[in-house]
Structures are given as structure tokens and as C-alpha cells.
Amino acid sequence: MLANNRLSQALLEALDTDNDAMLSEAEVSVEHSQFLQDEFVKIDANQDKMIDEEEFNNYLAATKEQPINVAKRKI
Ligand SMILES: [Ca+2]
Ligand SMILES: [Ca+2]
């Protein structure tokens with residue numbers, strides 16, 4: 001979890017060009033990240049068209065679960 005938080009913080013800082021600790025659709029587009037644009041609606045849990053740190057953390061935590069579960073199943 002701590003590693004996820006650090007990762008999301010680094011990503012958030014990289015994408016957050018106006019440094020308001022929120023990611024707008026425009027900021028996500030600026031990075032030309034098609035993946036993030038597609039995922040924007042999913043990440044934006046309260047659908048206010050802004051991604052805050054909590055939403056981003058929740059999203060990353062949710063996506064990180066999957067490879068871990070797959071890895072566990074192999075063992
Ligand atoms: Ca911003
Ligand atoms: Ca939001």
C-alpha cells in the first residue's frame with residue numbers, strides 16, 4: 001500500500017501541471033496517455049471531472065490487486 005501511494009503520488013505530480021493536487025481531463029490528455037483517458041471515467045469515482053489523490057490511489061490499488069492475485073495463483 002505504501003509503495004502504491006508513493007507511485008501514485010509521483011504519477012500525480014508528473015501529470016498535475018497546474019499543481020492543484022487534482023487531475024483534470026485536460027492534464028491527462030496533455031500526457032497523451034490514451035490509457036488514462038479511457039480510464040478517466042472509472043478513476044473519477046464521484047464524476048466531478050477531476051481526479052483527486054484519493055480517487056487515484058483507489059484506482060491504482062484496485063488495478064494492483066489483479067497481477068498480485070494472478071501471481072499468487074501460480075504459486
Ligand atoms: Ca491539476
Ligand atoms: Ca473526482
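Two residues are counted as in contact if their C-beta atoms, placed from the backbone, lie within 7 Å. This is a predicted model, in which local features need pLDDT of at least 70 and side-chain atom pairs count only at pLDDT 80 or more, while totals for chains, interfaces and linings use all residues. Residues are numbered from 1 along each chain as its sequence is written, and chains are lettered from A and ligands numbered from 1 in the order in which they are written.

View 1. The protein holds 4 helices and 2 strands, where helices (H or I, at least four residues) and strands (E, at least two) are DSSP runs numbered from the N terminus. Along the sequence these elements follow the pattern α-β-α-α-β-α. Of the contacts in the protein with a separation of 6 or more, 48% are between residues 24 or more positions apart. Of the 75 residues in the protein, 8% are buried; a residue is called buried if 20 or more other C-beta atoms lie within 10 Å of its own, exposed if 12 or fewer, and partly exposed in between, with C-beta atoms placed from the backbone.

**View 2. Leu7 and Leu60.** Leu7 belongs to helix α1, and Leu7 counts as partly exposed because 14 C-beta neighbours lie inside 10 Å. Although Leu7 and Leu60 are 53 residues apart along the chain, their C-alpha atoms are separated by 8.8 Å.

**View 3. Ala45 and the residues it touches.** Ala45 is found in the loop between α3 and β2, and, with 13 C-beta neighbours inside 10 Å, Ala45 is classed as partly exposed. When residues up to four places away in sequence are not counted, Ala45 touches Glu55 and Asn58. The C-alpha atoms of Ala45 and Glu55, which are 10 residues apart along the chain, are separated by 6.4 Å.

**View 4. Asn19 and its backbone angle.** Most residues other than glycine have a negative phi. Asn19, however, has a phi near 55°, which is a positive value in a residue other than glycine. Asn19 lies in the loop that runs between α1 (2-15) and β1 (22-24), and Asn19 is exposed because 7 other C-beta atoms lie within 10 Å.

**View 5. Gln47 and its backbone angle.** For Gln47, a residue other than glycine, phi is again positive, with a value near 55°. The loop between α3 (34-43) and β2 (50-52) is the place of Gln47, and Gln47 counts as exposed, since 7 other C-beta atoms are within 10 Å.
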